[in-house]
Amino acid sequence: MRAPAAAVTLALSLAFAASASAATTQGGEMHTVKADGGSLDVVGASFGQRSRELEIVYRSVDAITPKLLDEAKGGQICTVFDQASLAARAVCVVRRDGKWQIRSRGERVEGSVSQPRNTELRLRFEPAAAKLRVGLADVYVTATAAGCSDQPAASSVLATPCEHRVPRAGTYPARVWDVKITGCRRHGAGQVSSGPSGKRIALTYDDGPSTYTPAFLRELRTLGVPATFFMIGQQVAANGSLVRSMLRDGNMVANHSWNHANLGGGGAGASAQLRDTNAAIRNATGFTPCLFRPPYGSTGADLVSRANAQGMTSVLWSVDPLDWRGPGTGSIVSTVLGQIRGGGIILSHDGGGPRSQTLAAMPQIVHTLKRRGYKFVTLTDLLGYSERIKLVR
Ligand code: ZN
């Protein structure tokens with residue numbers, strides 16, 4: 001099992017790299033200046049964005065060693081971001097506690113630092129983590145070698161500079177891009193009824209959007225958990241803002257056919273149902289689903305391959321409280337709590353009939369399962385799918 005899995009992962013990461021460079025990278029041109037001489041002589045810097053992260057690359061004449069950036073001795077390379085109506089903000093890389101670290105205003109910035117070659121340092125972090133905001137920025141770089149200011153005054157006559165600025169004067173234009181999620185990428189099994197075992201589970205709601213859906217979204221916000229909504233295509237256009245708010249809240253939107261027909265037999269009509277529903281969701285949100293749930297759970301090999309051909313996994317469930325029958329809130333809660341396992345997919349409904357029992361069951365289900373150590377995630381997270389994003393101004 002190990003070898004095929006590794007091969008699949010490699011193929012996927014190659015495919016991702018190819019499309020990422022086309023669609024989710026902006027900027028990153030290397031600006032260069034002439035060497036100044038001295039320690040930590042930074043002669044190149046680039047500022048780009050890869051997916052959600054800003055990427056800054058520094059290039060120096062000689063190796064950028066941990067010792068040169070020792071924070072305790074004042075070593076650092078900083079990019080100063082000057083953004084309209086914001087105070088200029090320096091984001092710095094230093095060596096601290098034996099590791100590279102990104103810091104801004106005395107605080108650690110979550111991100112990664114790598115050294116593709118010893119004369120280069122590459123930083124990646126989400127702009128919001130450094131409190132930068134979407135839009136233009138004027139930037140410049142300052143590089144200070146550790147111990148720079150300790151040089152005895154007598155030697156400074158011939159000493160080469162230990163503090164460098166790039167560009168030597170002025171600034172470079174840069175941009176923090178806005179990230180729009182445009183879809184998700186399925187992989188692995190063509191049809192699933194649960195995710196990998198572990199402490200993660202997914203709430204799913206079918207047959208909306210309906211008049212009950214806004215209350216479901218409010219409850220999810222209150223509980224601080226996401227859900228995945230399998231929607232009926234013909235109900236989407238009239239509920240555009242509702243569907244957009246689902247995504248904004250961090251929920252996942254998915255395909256449940258155009259009009260809840262039984263598509264188990266497959267055929268061209270099934271493909272049209274799936275395609276039209278994705279088009280309706282895309283028109284409303286800019287997002288194209290990668291998950292499909294067959295109405296009535298009625299499925300078959302032809303239907304699954306048609307869903308896969310449209311970039312969607314067919315998703316069933318592992319827990320079914322039969323909430324659509326109105327068995328009472330207590331019954332819905334106890335069935336879910338009794339049947340749940342790690343990687344579980346909980347089926348429920350926010351449309352197709354009165355759904356107040358389902359809604360009322362949600363807080364108790366969430367609170368109890370959180371106490372048992374479960375984490376609620378979207379189905380795409382549960383299945384390990386990546387998102388497709390677009391960088392926009
Ligand atoms: Zn349904």
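## Exercises on a predicted model

Phe-47 and Tyr-172 are both buried.

**Exercise 1. Classify the ring pair of Phe-47 and Tyr-172, and state which elements the pair ties together.**

Solution. Step 1: the structure holds three aromatic pairs. In the pair of Phe-47 and Tyr-172, the ring centres lie 6.3 Å apart and the planes meet at 45 degrees. Step 2: planes under 30 degrees apart count as stacked and those over 60 as edge-to-face, with the rest tilted. The angle is 45 degrees, so the pair of Phe-47 and Tyr-172 is tilted. Step 3: Phe-47 belongs to strand β2 (residues 42–50) and Tyr-172 to strand β12 (residues 172–176), so the pair ties together parts 125 residues apart in sequence.

**Exercise 2. Determine the handedness of each of the two disulfides, and locate the cysteines.**

Solution. Step 1: Cys-78 and Cys-92 are joined with an S to S distance of 2.1 Å. The link of Cys-78 and Cys-92 has 105 degrees about the S-S bond and is right-handed. This pair links distant parts of the chain, with Cys-78 in strand β4 (residues 76–82) and Cys-92 in strand β5 (residues 89–96), 14 residues apart. Step 2: buried means under 20% relative accessible area. At 3%, Cys-78 is therefore buried, and at 9% Cys-92 is buried as well.

Step 1: the sulfur atoms of Cys-184 and Cys-290 are 2.2 Å apart and form a disulfide. The torsion about the S-S bond of Cys-184 and Cys-290 is about -115 degrees, so this disulfide is left-handed. Cys-184 lies in strand β13 (residues 178–185) and Cys-290 in the loop between α4 and β18 (291–292), and the pair links distant parts of the chain, 106 residues apart. Both Cys-184 and Cys-290 are buried.

**Exercise 3. Are Gly-344 and Thr-378 buried or exposed, and which residues do they contact?**

Solution. Step 1: Gly-344 is in the loop between α6 (329–339) and β20 (345–349). Its relative accessibility is 2%, so Gly-344 counts as buried. Step 2: beyond neighbours within four places in sequence, Gly-344 is in contact with Arg-200, Ile-201, Ala-202, Ser-318 and Leu-382. From Pro-196, Gly-344 is 148 residues away in sequence and 8.4 Å away in space, C-alpha to C-alpha.

Step 1: Thr-378 occupies the loop between β21 (375–376) and α8 (379–382). With a relative accessible area of 5%, Thr-378 is buried. Step 4: not counting residues up to four places away in sequence, Thr-378 touches residues including Ala-202, Pro-226, Thr-228 and Met-252.

Note on methods. Residues are numbered from 1 along each chain as its sequence is written. This is a predicted model: local features need pLDDT of at least 70, side-chain atom pairs count only at pLDDT 80 or more; totals for chains, interfaces and linings use all residues. Side-chain values use heavy atoms; hydrogens and water are left out. Helices (H or I, at least four residues) and strands (E, at least two) are DSSP runs, numbered from the N terminus. Buried means under 20% relative accessible area, exposed over 50%, partly exposed in between (1.4 Å probe, protein chains only). Contact means heavy atoms within 4.5 Å. A disulfide is a pair of cysteine sulfur atoms within 2.5 Å. Rings of Phe, Tyr and Trp (its six-membered ring) pair if their centres lie within 6.5 Å; planes under 30 degrees apart count as stacked, over 60 as edge-to-face and the rest as tilted.
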